[in-house]
Amino acid sequence: MPKQPRSGTDAAPSLQLSVDRTSPVPLYFQLAQQLETAIEQGILTPGRLLGNEIELAGRLGLSRPTVRQAIQSLVDKGLLVRRRGVGTQVVHSHVRRPLELSSLYDDLAAAGQRPATVVLHLTTEAASPAVAAALGVVEGVEVQRIGRVRYAHGEPMALLTNHLPAGLLDCRTAELEATGLYRMMRAAGISLHSARQAIGARPATAAEAELLSEGPGGPVLTMERTTFDATGRAVEFGSHVYRASRYTFEFQLLVRP
């Protein structure tokens, strides 16, 4: 199993929390929303201690049952966990990714999620029928294969497998672990123009579950994407697996005139 970036475990930083008693929104929900936003924005990172209910209640002038209800709503969402002898702790942040031509690395960085990468393999292999069809090359021709685990705040988020035409990009492990593949392509003068993408869901394989810290057969989201440059040439075929408990794809739907 790859070495994982470590999460902090010290006390949570001071948060700017407030409630509006004139609002029709329940007080517990106002507090829960602010805490959830702090988790999603990386202010409260996985492993951080939230503080006890009495302290939070005193800071905000709320009753302890109100604070307990707010915390429990986030426990129910899987964002917090109560640990005996430790306290209430942040488990993870849920990543919401818009469906557009961007890389996971860039999306995580833009959301303040502190992306990190472990390269599993960087090699060449004969193109399978599926890879050959996606890249528009002859079956069996040599292509580059890159396998990575992408983390956010030390939590594994996705297992990424990418195939590139041979000779397209000079990939090195150190650079792949320091930045995103699309950033490397753009830096090499490759103009990304469009992509064809399919999204699905299935149980994780045993190997995927281990790499993603999921239970055997846990639910995962899948994405297959073929990316084209400005000339219409296929420059990348990605086959990615995401933790369904940590990851959401967001769509924007428009009414056809």
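1. Helices (H or I, at least four residues) and strands (E, at least two) are DSSP runs, numbered from the N terminus. R145 is partly exposed at 27% relative accessible area, and E125 is partly exposed too, at 26%. Here buried means under 20% relative accessible area, exposed over 50%, and partly exposed in between (1.4 Å probe, protein chains only).

2. A word on the basis: this is a predicted model, where local features need pLDDT of at least 70 and side-chain atom pairs count only at pLDDT 80 or more, while totals for chains, interfaces and linings use all residues. Residues are numbered from 1 along each chain as its sequence is written, and side-chain values use heavy atoms, with hydrogens and water left out.

3. The structure holds eight salt bridges. One of them joins R68 and E53 at 3.4 Å, N to O; R68 sits in helix α3 (residues 64-76) and E53 in helix α2 (residues 53-60), 15 residues apart. R68 is partly exposed at 35%, whereas E53 is buried at 9%.

4. Another salt bridge pairs R243 with E214 at 2.9 Å, N to O. R243 belongs to strand β9 (residues 234-243) and E214 to the loop between α8 and β8, 29 residues apart. Both R243 and E214 are buried. Elsewhere, shared partners join E53, R64 and R68 into one salt-bridge network.

5. Now have a look at R148 in strand β5 (residues 142-152). R148 is buried yet has no salt bridge, and the nearest side chain of opposite charge, E236, is 6.3 Å away (Lys and Arg count as positive, Asp and Glu as negative; His and the chain ends are not counted). What R148 does have is a 2.7 Å polar contact with the side chain of N162, that is, a pair of N or O atoms within 3.5 Å, where within protein one must be able to donate a hydrogen and the other to accept it, and residues adjacent in sequence count only if both atoms are side-chain atoms.

6. Last, a backbone point: S213 has a positive phi, near 60 degrees, and is not a glycine. S213 is in the loop between α8 (206-211) and β8 (219-229).

Conventions: A salt bridge is a side-chain nitrogen of Lys or Arg within 4 Å of a carboxyl oxygen of Asp or Glu.
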